[in-house]
Amino acid sequence: VTIGCASEKAMLLLIDGFGEAISDDTKKAKYKKDTSFWMIRSKYRAFRAALDSVVAHIPKELRDPLESQLHGAFELIRRTRNEAGHPTGGLITRAEVLTNQGVFPSYCGYVYSLIGHFSKKDIPGTQY
């Protein structure tokens with residue numbers, strides 16, 4: 001659960017940082033509206049659509065690992081957190097815990113690399 005919460009906080013910082021980097025005020029306002037939901041899954045969906053629309057403008061070293069380091073890891077950690085944190089009656093296996101512990105450091109480092117990138121760059125108007 002703790003890794004899930006830390007993952008969610010990092011993703012929320014990325015979602016906000018990406019929004020701040022959108023240079024077109026109209027598109028920035030749309031993005032902020034689209035990411036204003038309280039549920040992380042809804043925020044993430046809107047963020048992913050916006051990110052996918054500008055992915056060609058992201059440097060190759062940050063673009064190449066997007067699918068596995070960002071999207072895949074986020075979903076893995078989020079699902080495990082949901083299973084562990086909600087009373088479903090299901091048990092989290094030792095392998096799932098170890099997988100989350102193994103994935104989290106590189107995932108979190110990658111998220112902060114993206115935050116750093118977007119804090120220094122203006123994102124052209126998104127197409128989503």
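**Exercises on a helical protein model**

Read along the sequence, the protein shows the pattern α-α-α-α-α-α. This is a predicted model, in which local features need pLDDT of at least 70 and side-chain atom pairs count only at pLDDT 80 or more, while totals for chains, interfaces and linings use all residues. Residues are numbered from 1 along each chain as its sequence is written, and side-chain values use heavy atoms, with hydrogens and water left out.

**Exercise 1.** Determine how many helices and strands the protein has.

*Solution.* Helices (H or I, at least four residues) and strands (E, at least two) are DSSP runs, numbered from the N terminus. Counting these runs gives 6 helices and 0 strands.

**Exercise 2.** Determine how many disulfides the structure contains, and classify C5 and C108 by accessible area.

*Solution.* Step one: a disulfide is a pair of cysteine sulfur atoms within 2.5 Å. A search of the whole structure finds 0 disulfides. For C5, the nearest cysteine sulfur is that of C108, 13 Å away.

Step two: buried means under 20% relative accessible area, exposed over 50%, and partly exposed in between (1.4 Å probe, protein chains only). At 46%, C5 is partly exposed; at 16%, C108 is buried.

**Exercise 3.** Compare the radius of gyration of the protein with that of a compact globule.

*Solution.* The radius is taken over C-alpha atoms, and the globule rule is 2.2 Å times the number of residues to the power 0.38. For 128 residues the rule gives a value near 14 Å; the protein has 15 Å, which agrees. Buried residues make up 37% of the 128 residues.
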